[in-house]
Amino acid sequence: MVKMIVKWLLYAAALMLVANLVGGISVSSFGSALLAAVVIGLLNLLVRPVLVVLTLPVTVITLGLFLLVINALLFWFAGSVLAGFSVAGFWVAVLGAIVYSLIGLVIDAVVERVL
């Protein structure tokens, strides 16, 4: 339980970092980042597997690169449904999703080693 809360807080901080690194992404407060981290996590847990299965032929043809499009669309969608988190456009969402995913890889590796 502690590991999950620590990851949630770190993912929210990562979202704040992404907002500072990528122009076009804005997070109004840390509370908004916490909510956005939950929404992005839920979208990745519930919607992403369905989209991956539905777009499997395109994903195979593009050698997996279409997964970046799916990640970007989910990131962009989270920005459109939340009040304190916004993403300016699709290409901003692509860059933001890539940076957020890379930071997430580091967070997962560090948390697994430390906790």
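Here are some friendly questions and answers about this predicted model.

Residues are numbered from 1 along each chain as its sequence is written. In this predicted model, local features need pLDDT of at least 70 and side-chain atom pairs count only at pLDDT 80 or more, while totals for chains, interfaces and linings use all residues, and side-chain values use heavy atoms, leaving out hydrogens and water.

Me: Is Y100 buried or exposed?
Reply: Buried means under 20% relative accessible area, exposed over 50%, and partly exposed in between (1.4 Å probe, protein chains only). Y100 has 9% relative accessibility, so Y100 counts as buried.

Me: Which residue forms an aromatic pair with Y100 that is tilted?
Reply: Rings of Phe, Tyr and Trp (its six-membered ring) pair if their centres lie within 6.5 Å; planes under 30 degrees apart are stacked, over 60 edge-to-face, and the rest tilted. A search of the whole structure finds five such pairs. In the tilted one with Y100, the centres are 5.9 Å apart with 55° between the planes, and the partner is Y11.

Me: Which helix holds the partner Y11?
Reply: The pair links distant parts of the chain, 89 residues apart. Y100 is in helix α6, and Y11 is in helix α1.

Technical notes
Helix = DSSP H or I, 4+ residues; strand = E, 2+ residues; numbered from the N terminus.
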